There are 2 protein chains.
Amino acid sequence: MFNVANVKSTLIDFDLVSGLSKGKEPIRRNLSKMKGIFYDRDAFDAEVRKDDRLVYEFFDMGVPETSGDVAYGTSITYPGKIGDEFHMTKGHFHTVLDTAEVYYCLRGHGLMMMENPEGEVEVQELVAGKAVYVPGRYAHRSINVSANEPLITFFAFPGHAGHDYGTIETKGFRKLVVERDGKPTLIDNPRWQS
Amino acid sequence: MFNVANVKSTLIDFDLVSGLSKGKEPIRRNLSKMKGIFYDRDAFDAEVRKDDRLVYEFFDMGVPETSGDVAYGTSITYPGKIGDEFHMTKGHFHTVLDTAEVYYCLRGHGLMMMENPEGEVEVQELVAGKAVYVPGRYAHRSINVSANEPLITFFAFPGHAGHDYGTIETKGFRKLVVERDGKPTLIDNPRWQS
């Protein structure tokens, strides 16, 4: 409608139903890229052999890594389980530890698992129309607890935050969410390493 | 599902259809609070007398004003016109000028008007499922160009950004959007002050 050359602003589409974009490729995490993340290692190995499926995908818009910028995009975690543990993201701290992140749920049913270095754990429940504010210093992971619907969120965090995946890959989260008696249930992570 | 006492994270609802929240009151801008913003002063006075309606509302979640935090919420601009100029927000620079903001459109049809201190103007068109990234240094204003539907966006910006409304209230934006031949049309602001 109002085309201007050399614009500095960015316009991009994120479909409100699929979470995907026609204008940008997401970063994809298939199951085989998540070795060591799910607690049931036998179930993991069996599932990878059977169906190395897409567990989640998300966008990196490549905004400048400054505190004046805001990294943003959608995250889509598909339904499924590894053993009795729900599909989820790897989860991470921010490299600049004391930086927050907001997730606005567009579709689905999930949990935001949060944990700070002192071991304090918080879990918030996401359904379409709910936003969770993850405070600074909390590692965070999205968990899809729906049987059949993707968990889709729109996220935003400070441009300079960075991602520290290694701490979680090495130690894990203290708590996991598994299905027990047909319901999402919080348990101690038997593989957690202090 | 997983209640924990003294949580540091925040959960809040923003309805995907209305943009409103059961958990928080928005900040409301009725027409009478927008004196001097629309270019047709006679039409403005007449409309205020006739119907001092709600033009837009938005949320201030009160996050800490630090660069590690992210201010977020929804913004709802209702359809309507003052003379031939579409309903819009007052618009503002950020006090920390070089801080960006992202707007993800959930519903409606609008324009994001942007202008930097050097006078460069950008306009991006918003429909549901489009996100616009307003780069640092750009004043920005949401304009609803739909005849009957609210323009609803989810926004996020750095916690330390702050708001400078005064510059726009005094000088205005260089460009305005009015309806001409039934279409949104960009014109020079006859009241713009250098």
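## Strands that pair

Two strands count as paired if DSSP finds at least two bridges between them. Keep that in mind as you look at this predicted model. Take strand β8 of chain B, residues 109–115: seven bridges link β8(B) to β9(B), and the two pair in the antiparallel sense.

## A three-strand sheet in chain B

That pair belongs to an open sheet of three strands in chain B, with the order β9-β8-β11 and antiparallel pairing. Which strands stand at the edges? They are β9 (121–127) and β11 (139–144) of chain B; each has a single partner strand, so one side of each has no neighbour in the sheet. If you ignore direction, neighbouring strands here are turned by 20 degrees against each other on average.

## A sheet with strands from both chains

Now for a sheet that draws on both chains. Seven strands form this open sheet, again with antiparallel pairing, and the order is β1(A)-β10(B)-β7(B)-β12(B)-β4(B)-β3(B)-β2(B). At the edges you'll find β1 of chain A and β2 (27–30) of chain B, each pairing on one side only. From one strand to the next, the twist averages 20 degrees.

Let's zoom in on the β2(B) end. Here β2(B) runs antiparallel to strand β3 of chain B (residues 54–58), and four bridges join them. One example is B:I27, whose bridge partner in β3(B) is B:F58.

## Where the chains meet

How many residues of chain A are in contact with chain B? The count is 45 residues of chain A, in contact with 45 residues of chain B. Several strands of chain A each supply at least two residues of the side that touches chain B, among them β1 (10–13), β4 (70–77), β7 (101–107) and β12 (151–158). The largest share of that side comes from β10(A), with five residues. Sorted by class, the side of chain A that touches chain B has 28 nonpolar, eight polar and nine charged residues.

Note on methods. Residues are numbered from 1 along each chain as its sequence is written. Chains are lettered from A and ligands numbered from 1 in the order in which they are written. This is a predicted model: local features need pLDDT of at least 70, side-chain atom pairs count only at pLDDT 80 or more; totals for chains, interfaces and linings use all residues. Two residues are in contact if their C-beta atoms, placed from the backbone, lie within 7 Å. Ala, Val, Leu, Ile, Met, Phe, Trp, Tyr, Cys and Pro count as nonpolar, Asp, Glu, Lys and Arg as charged, and the others, Gly among them, as polar. Axes are lines fitted to C-alpha atoms, for helices over the stretch in contact, and angles run from 0 to 180 degrees between N-to-C directions.
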